[in-house]
Amino acid sequence: MSQDDHEVHLPTLQAPVKALDPHGVQIVGLGTVVFAISMLICWWQLAALEAIGKGWWLSTTLVGTGIGVLALVVLLIRRWRRLRA
């Protein structure tokens, strides 16, 4: 048996930095804006999308924008309640 059988445990350190957006409003807002812009582009190019069989992309962007708006409402209400308390 050698003396090197024990494992060396180094302490775990975490950098003392704050989260960029602890409520998640910024990233969900950005995603919603991207989906909304994509929706406008798909609507503008709908004839070309349908010609290649990709007309369903418009529906996808509509759903993504809708979910994003709902998520933003929920996150803003949660943030408002936390700040009020």
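Start by selecting Leu-70, which counts as exposed at 59% relative accessibility; exposed means over 50% relative accessible area, buried under 20% and partly exposed in between, with a 1.4 Å probe and protein chains only. Leu-70 lies in helix α3; helices (H or I, at least four residues) and strands (E, at least two) are DSSP runs numbered from the N terminus.

The model is predicted: local features need pLDDT of at least 70, side-chain atom pairs count only at pLDDT 80 or more, and totals for chains, interfaces and linings use all residues. Residues are numbered from 1 along each chain as its sequence is written, and side-chain values use heavy atoms, with hydrogens and water left out.

**Whole chain**

The C-alpha trace spans about 75 × 45 × 15 Å along its principal axes. The radius of gyration is 23 Å, whereas a compact globule of 85 residues would have one near 12 Å; this radius is taken over C-alpha atoms, and the globule rule is 2.2 Å times the number of residues to the power 0.38.

Colour by accessibility next. Of the 85 residues, 16% are buried. The protein exposes about 7500 Å², and carbon and sulfur atoms supply 68% of that area; accessible areas come from the Shrake-Rupley method with a 1.4 Å probe, and for residues only the protein chains shown count as cover.

Among contacts between residues at least 6 apart in sequence, 61% join residues at least 24 apart.

Thr-32 is found in helix α1, residues 25-44. Is Thr-32 buried or exposed? Thr-32 counts as buried because its relative accessibility is 8%. Not counting residues up to four places away in sequence, Thr-32 touches Thr-65, Gly-68, Val-69 and Leu-72.

**Thr-65**

Select Thr-65 from that list. Thr-65 lies in helix α3, which covers residues 56-84. Its relative accessible area is 12%, so Thr-65 is buried. Which residues is Thr-65 in contact with, leaving aside its neighbours within four places in sequence? They are Thr-32, Phe-35, Ala-36 and Met-39.

Show the backbone of Thr-61 as well. The backbone oxygen of Thr-61 lies 2.8 Å from a polar atom of the Thr-65 side chain. A polar contact is a pair of N or O atoms within 3.5 Å; within protein, one must be able to donate a hydrogen and the other to accept it, and residues adjacent in sequence count only if both atoms are side-chain atoms.

Leaving aside neighbours within four places in sequence, Met-39 is in contact with Leu-58, Thr-61, Leu-62 and Thr-65.

Leu-75 lies in helix α3. With a relative accessible area of 15%, Leu-75 is buried. Set aside its neighbours within four places in sequence, and Leu-75 is in contact with His-23, Gly-24, Val-25 and Val-28. Pro-22 is 53 residues from Leu-75 in sequence and 11 Å away in space, C-alpha to C-alpha.

**Aromatic rings**

Select Trp-56 and Trp-57. Rings of Phe, Tyr and Trp (its six-membered ring) pair if their centres lie within 6.5 Å; planes under 30 degrees apart count as stacked, over 60 as edge-to-face and the rest as tilted. The count comes to one aromatic pair by this rule. Trp-56 and Trp-57 form that edge-to-face pair, with 6.0 Å centre to centre and 85° between the planes. Trp-57 is partly exposed, with a relative accessible area of 38%.

Continue to Trp-80 and Arg-84. The charged end of Arg-84 sits over the Trp-80 ring, 4.5 Å from its centre; a charge sits over a ring if NZ of Lys or CZ of Arg is within 6 Å of the ring centre and within 35 degrees of the ring normal.

**Last stop: Pro-11**

Finish at Pro-11, in the segment before α1. Pro-11 counts as exposed at 67% relative accessibility. Pro-11 and Ile-77 are 66 residues apart in sequence, with 39 Å between their C-alpha atoms.

Note on methods
Contact means heavy atoms within 4.5 Å.
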